[in-house]
Amino acid sequence: MRNFLRLYKVEQKLFFRSPDVFIFLLCMPVVVLIMIGLIAGSKLAGDSGMTYLESSFVAVTSVGICCSAFMSIPITMVDYRDKKILKHFYCSPCSPTRLLFVDMICSGVMAALSAVCVTFAACVLFGYRMSGSVAVYILTWFLTMIAMFSIGLLVAAVCKTTKSMNVATSFLYFPMLLFSGATIPYELFPKGMQLVAGYMPLGIGIRLMKAASVGTSLGTMGTEIAILGLIAVVCIAISIKTFRWE
């Protein structure tokens, strides 16, 4: 446990020192929420029964998850491999599972900080109050985070070079960020694009979180929960199996 905490402490410091983390995880989601709140916050978002502020709050709290999953986790691991840092880990008592788990925790802390900043801005600037259960919402947020992080771990395990990692993360990150409803409100999409967003893992998570935020029983969202759980289990298992130091 002492070695685990020591490794976590070092990795978390490196995360906090990254300017990209500050810009994309902490600043950008808050700016997006403020813009949507000022432009159309009190207007109804289509036939969802939610205002754009209510809908966007849920979506924007997932931006930190998306950035951490596809910007932090794969980039950190592949950069370590490219700089031969993982070669040194190979000669240490640290196991691949421990390193991947620590990286997930560090990324999770940053995603949680992003969600806290968005929540603070929504509550203080726009008087947002969640009508559903906050505890249930947090659980759905964590489930979405674990599912998305597992995909990021899979990329980190499979991609051996920076070039292949950049291609994979770009292919995943930008469509997820733009077309799942995380930044652009889902209700503004045409029907065809809404259908595409509904099949994206992040889009499924956002739909689940929106249901929790308005008090919808999760018993009606069993399919979404099962899909995210299956993604998490399969991707984490493959990541641990395929990850190599070199």
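Author: Phe174 is partly exposed, with a relative accessible area of 45%, in what is a predicted model. That value falls in between the two cut-offs, since buried means under 20% and exposed means over 50%. Phe174 belongs to helix α8, which covers residues 162-179. Setting aside neighbours within four places in sequence, Phe174 is in contact with Thr169 and Phe179. As for Ile138, it sits 36 residues from Phe174 in sequence, and the two C-alpha atoms are 25 Å apart in space.

Now to a pair of helices. Helix α2 (residues 19-40) and helix α3 (residues 52-60) have axes that come within 9 Å and cross at roughly 170°. Because angles over 145 degrees count as roughly antiparallel, α2 is described as roughly antiparallel to α3. On the α2 side, the contact is made by Pro29, Val32, Leu33, Ile36 and Ala40, while α3 brings Tyr52, Leu53, Ser56, Phe57 and Val60. Of these contact residues, nine are nonpolar, one is polar and none is charged.

Searching the whole structure turns up zero disulfides. For Cys117, the closest cysteine sulfur is in Cys27, 8.2 Å away, so the two are too far apart for a bond. Cys117 is partly exposed, at 31% relative accessibility. Cys235 is in no disulfide either, and its nearest cysteine sulfur, that of Cys159, is 13 Å away. With a relative accessibility of 11%, Cys235 counts as buried.

Definitions and conventions: Residues are numbered from 1 along each chain as its sequence is written. This is a predicted model: local features need pLDDT of at least 70, side-chain atom pairs count only at pLDDT 80 or more; totals for chains, interfaces and linings use all residues. Side-chain values use heavy atoms; hydrogens and water are left out. A disulfide is a pair of cysteine sulfur atoms within 2.5 Å. Buried means under 20% relative accessible area, exposed over 50%, partly exposed in between (1.4 Å probe, protein chains only). Axes are lines fitted to C-alpha atoms, for helices over the stretch in contact, and angles run from 0 to 180 degrees between N-to-C directions. Helices (H or I, at least four residues) and strands (E, at least two) are DSSP runs, numbered from the N terminus. Angles under 35 degrees count as roughly parallel, over 145 as roughly antiparallel, 65 to 115 as roughly perpendicular and the rest as oblique. Contact means heavy atoms within 4.5 Å. Ala, Val, Leu, Ile, Met, Phe, Trp, Tyr, Cys and Pro count as nonpolar, Asp, Glu, Lys and Arg as charged, and the others, Gly among them, as polar.
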